[in-house]
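This briefing covers selected features of one protein model, grouped by topic. Please read the points below with the sequence and the structure at hand.

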Amino acid sequence: MTALIIDTDPGVDDAVAIMLALASPEVDVRAVTTVFGNVPLRRTTENAGRILALCDRSGVPLGVGADRPLVHPQRQRAEAWHGGDGLGGRADALPAPAAEPDPRGAVGLMASVLAAATEPVTIVPIGPLTNIALLLAVHPELAPRIGRIVAMGGSLGAGNTGGVAEFNVHSDPEAAHRVFTQTDVPVTMVPLDLTHRCTASADWLAALAGGGPRCAELAQVVGHYHAAYRTRYGVDAVALHDALAVLEAMVPGTLVTTALPIHVACDLGPARGATVAVPDAPGAPVHVALDADPQAVLAEILARLLRLG
């Protein structure tokens with residue numbers, strides 16, 4: 001059984017990703033931790049609690065993490081994509097969180113899970129990497145307990161924030177640089193280059209909506225995001241960015257990776273947050289997911305989600 005910690009900023013595609021993990025019986029979700037990002041931290045935490053409650057999994061510990069980047073203020077959020085509540089205007093339609101967050105906070109909770117683990121734990125950051133950078137800095141002794149980090153973020157081509165950057169990395173470039181350039185834990189990066197090629201069609205969303213009450217509610221949550229994606233890119237589909245990272249974390253090898261040294265632009269100019277492959281850079285390379293079978297990936301995500309009913 002794969003042990004996971006999901007670090008998240010829900011966020012519509014985060015909701016899909018969390019529910020994907022909760023729908024997978026071979027996965028043990030040891031903790032969900034929250035970070036600022038798509039919407040402010042108060043909202044991301046409440047949304048994570050609502051998603052756990054919707055799936056009747058409020059027993060999964062929930063830790064509250066960073067409310068801002070390590071160094072510079074976050075330049076922009078993503079309410080235009082995710083709605084003002086972060087869940088496409090549907091947050092209040094989901095059950096209220098059934099449990100209080102863990103008093104140790106995100107870093108303390110992650111450290112506790114890792115310290116107690118008897119097997120490697122995979123950490124899946126699907127928001128800004130602030131919590132993960134803090135964990136690695138504060139608890140370097142726990143790095144051997146982390147099997148790998150599978151992060152949704154970055155782009156080697158066009159970005160979705162400021163032209164060249166991907167939103168999660170752009171939200172805290174210093175944290176992303178810290179995680180991508182460290183050598184203690186293997187990192188897989190799932191970038192926009194791939195996630196924009198794995199888009200769920202209107203038929204896929206209709207199949208999700210017909211899968212039962214939980215799936216129907218998730219499909220409603222995706223609705224606002226779907227409309228925004230259609231307006232921005234002119235296609236009647238939606239990218240499930242974060243779900244690809246979770247699927248790769250659960251089923252290693254689902255995505256085809258290429259080893260590349262990745263640095264993050266941390267200056268304050270227009271390239272801030274860009275992820276750049278730097279030939280011959282020192283340190284361990286990042287495993288960048290650049291290829292997959294989109295139809296097989298989407299079919300697998302849908303089949304797992306439908307287990308929730």
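The side chain of Glu 248 comes within 3.1 Å of the backbone nitrogen of Thr 254. In this predicted model, the side chain of Glu 248 also reaches the backbone nitrogen of Gly 253, again at 3.1 Å.

**Glu 248**

- Glu 248 is part of helix H11, which spans residues 241–250.
- Its relative accessible area is 3%; the limit for buried is under 20%, so Glu 248 counts as buried.
- With neighbours within four places in sequence left aside, the contacts of Glu 248 are Arg 148, Val 150, Thr 188, Gly 253, Thr 254 and Leu 255.

**The sheet**

- An open sheet is formed by 8 strands, ordered E3-E2-E1-E4-E5-E6-E12-E9, with mixed pairing.
- The edges are taken by strand E3 (62–64) and strand E9 (256–260); each has a single partner strand, so one side of each has no neighbour in the sheet.
- On average, neighbouring strands of this sheet are turned by 25 degrees against each other, direction ignored.
- Strand E1 (residues 2–8) and strand E2 (residues 27–34) run parallel and are joined by 7 bridges.
- Ile 5 has Ala 31 in E2 standing opposite.

**Helices packed on the sheet**

- Helix H4 (residues 105–116) lies across E1, E2 and E3, and also across strand E4 (121–125) and strand E5 (146–152).
- The direction of helix H4 is at about 155 degrees to E2.
- Helix H7 (residues 173–181) also packs on the sheet, where it touches E5, strand E6 (187–190) and strand E12 (286–291).
- The directions of helix H7 and E6 make an angle of about 130 degrees.

**Leu 260**

- Leu 260 lies in strand E9.
- Not counting residues up to four places away in sequence, Leu 260 touches Leu 156, Ala 277, Pro 285, Val 286, Val 288 and Leu 290.

**Aromatic pairs**

- The structure has 4 aromatic pairs.
- In one of them, the ring centres of Trp 81 and Tyr 229 are 6.4 Å apart and the planes stand at 65 degrees; the limit for edge-to-face is over 60 degrees, so this pair is edge-to-face.
- That pair links distant parts of the chain, with Trp 81 in helix H3 (residues 79–82) and Tyr 229 in helix H10 (residues 213–233), 148 residues apart.
- Tyr 229 also pairs with Tyr 233, at 4.6 Å centre to centre and with 40 degrees between the planes, and this pair is tilted.
- Both Tyr 229 and Tyr 233 are in helix H10, 4 residues apart, which is about one turn of the helix.
- Tyr 229 is buried at 4% relative accessibility, whereas Tyr 233 is partly exposed at 32%.
- Trp 81, Tyr 225, Tyr 229 and Tyr 233 are linked into a cluster by ring pairs.

Conventions:
Residues are numbered from 1 along each chain as its sequence is written. This is a predicted model: local features need pLDDT of at least 70, side-chain atom pairs count only at pLDDT 80 or more; totals for chains, interfaces and linings use all residues. Side-chain values use heavy atoms; hydrogens and water are left out. Rings of Phe, Tyr and Trp (its six-membered ring) pair if their centres lie within 6.5 Å; planes under 30 degrees apart count as stacked, over 60 as edge-to-face and the rest as tilted. Helices (H or I, at least four residues) and strands (E, at least two) are DSSP runs, numbered from the N terminus. Buried means under 20% relative accessible area, exposed over 50%, partly exposed in between (1.4 Å probe, protein chains only). A polar contact is a pair of N or O atoms within 3.5 Å; within protein, one must be able to donate a hydrogen and the other to accept it, and residues adjacent in sequence count only if both atoms are side-chain atoms. Contact means heavy atoms within 4.5 Å. Two strands pair if DSSP finds at least two bridges between them. Axes are lines fitted to C-alpha atoms, for helices over the stretch in contact, and angles run from 0 to 180 degrees between N-to-C directions.
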